[in-house]
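Subject: Structure handover

Hello,

Here is the structure I said I would pass on. My notes on it follow below the entry.

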Amino acid sequence: MFKNTFQSGFLSILYSLGSKPLQIWDKEVSNGHIKRPQDEDIQSTVLEIVGSKIQSTYITCPADPASTLGIKLPFLVIIVKNLKKYFTFEVQVLDDKNVRRRFRASNFQGITRVKPYICTMPLRMDEGWNHIQLNLADFTRRAYGTNYVETLRVQVHANCRLRRIYFADRLYSEEELPPEFKLYLPAQRA
């Protein structure tokens, strides 16, 4: 999908304020919903994914199962709100041994498990909005002893609110981020 695109800095694959935030995503909903409500904390439109079973309500990118993202930027950043319910997301990468590996993070898991094709790990989230930053190159090296080549697919399951999902060439400080990549919390009234 992005394989032949020049990649540097930031590459966004989801932005809740866009006219069609799920344009390149596929949706699966069972006993739940995917909506665009107004979030009271940031006073802005967000993407909400809620379901009674996390495995059956999710979004996945790219929408075409035969296609891959082809994103070479090694840092994945997800701006997500903790809804105090079970939540999980998964990233599929390709390593230099031409093996597809998956990293799954969830807030209901207690320990990291590394299996040949999937690494599952606990995700600790603070109350409210969170910036989840994954160094996929470091994860691939530490879990499998191989080198990260590219990201093939991203899947986000219920239950969460999303503001943005993007890839970056490195970790950026809040001051370095473009304004549209920042999460603005409205000023507190005295």
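Strands here are DSSP runs of E with at least two residues, numbered from the N terminus. Please keep in mind that this is a predicted model.

Is His-157 buried or exposed? Its relative accessibility is 9%, and buried means under 20%, so His-157 counts as buried. A polar atom of the His-157 side chain lies 2.8 Å from the backbone oxygen of Ile-54. Ile-54 is also among the residues in contact with His-157 once neighbours within four places in sequence are left aside; the others are Ile-49, Gln-55, Thr-57, Tyr-58, Phe-87 and Thr-88.

Strand S14 is part of an open sheet of seven strands. The order is S2-S7-S14-S9-S10-S12-S11, and the pairing is mixed. At the edges are S2 (26-28) and S11 (113-114), each of which pairs on one side only. Within this sheet, S10 (residues 100-106) and S12 (residues 118-122) run parallel and are joined by five bridges. One of the residues involved is Ser-106, whose bridge partner in S12 is Pro-122.

Helix H1 (residues 136-144) lies across several of these strands, namely S9 (88-95), S10, S11, S12 and S14 (148-157). Relative to S10, helix H1 runs at about 105 degrees.

Next, strand S8. This strand covers residues 75-82, and eight of its eight residues are buried. Which residues lie on each of its faces? On one side are Phe-75, Val-77, Ile-79 and Lys-81, and on the other are Leu-76, Ile-78, Val-80 and Asn-82. Both faces are covered.

S8 has two pairings to note. With S13 (residues 128-135), S8 pairs in the antiparallel sense over eight bridges. With S15 (residues 160-168), the pairing is again antiparallel, over eight bridges. Val-77 takes part in both: its bridge partner is Gln-133 in S13 and Tyr-166 in S15.

Last, a loop residue. Gly-18 sits in the loop between S1 (10-15) and S2. Gly-18 has a relative accessible area of 22% and is therefore partly exposed.

Regards

Definitions and conventions. Residues numbered from 1 in each chain as written. Predicted model: local features only at pLDDT ≥ 70, side-chain atom pairs only at ≥ 80, totals over all residues. Heavy atoms only, no water. Buried < 20%, exposed > 50% of the residue type's maximum accessible area, 1.4 Å probe, protein only. Helix = DSSP H or I, 4+ residues; strand = E, 2+ residues; numbered from the N terminus. Pairing = 2+ DSSP bridges. Contact = heavy atoms within 4.5 Å. Axes fitted to C-alpha atoms, helices over the stretch in contact; angles between N-to-C directions. Polar contact = N/O pair within 3.5 Å; in protein donor to acceptor, adjacent residues only side chain to side chain.
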